[in-house]
Amino acid sequence: MDDDEKGKEFLKLIDDQNTVQWNIVAKLSSLVKVEWKSTELKNELKTLVKDHYKITKDLNNLDDNNSIL
């Protein structure tokens with residue numbers, strides 16, 4: 001992958017990560033409102049955290065030579 005492709009992928013992953021982070025905050029806010037009593041929201045939050053982990057891992061793997069981060 002050349003530097004241009006890496007840059008585009010980096011920006012896409014950062015955008016995806018930002019979206020997931022806002023969704024995590026929204027789910028946490030919802031859980032607080034229902035006093036942590038929603039299994040559905042808890043499961044959605046677990047999925048979002050897994051998605052965030054994967055995106056972060058992909059970002060770290062993208063920069064194998066510390067060239068863009």
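Guide: A residue is buried under 20% relative accessible area, exposed over 50% and partly exposed in between (1.4 Å probe, protein chains only). This is a predicted model, in which local features need pLDDT of at least 70 and side-chain atom pairs count only at pLDDT 80 or more, while totals for chains, interfaces and linings use all residues. Residues are numbered from 1 along each chain as its sequence is written, and side-chain values use heavy atoms, leaving out hydrogens and water.

Visitor: Is aspartate 4 buried, partly exposed or exposed?
Guide: Aspartate 4 meets lysine 8 in a salt bridge of 3.5 Å, N to O (a side-chain nitrogen of Lys or Arg within 4 Å of a carboxyl oxygen of Asp or Glu). Lysine 8 counts as exposed at 56% relative accessibility. For aspartate 4 the relative accessibility is 49%, so this residue counts as partly exposed.

Visitor: How far apart are the closest N and O atoms of aspartate 58 and lysine 54?
Guide: Both residues lie in helix α2, four residues apart, which is about one turn of the helix (helices are DSSP runs of H or I, at least four residues, numbered from the N terminus). Aspartate 58 is partly exposed at 27% relative accessible area, and lysine 54 is partly exposed at 49%. They form a salt bridge, and the closest N and O atoms are separated by 2.8 Å.

Visitor: Which helix do the buried residues of α2 pack against?
Guide: The buried residues of α2 include Leu41, Leu45 and Ile55. Leucine 28, found in helix α1 (residues 3–33), is in contact (heavy atoms within 4.5 Å) with Leu45 and Trp36, leaving aside neighbours within four places in sequence. The buried residues of α2 pack against α1.

How values were computed
Helices (H or I, at least four residues) and strands (E, at least two) are DSSP runs, numbered from the N terminus.
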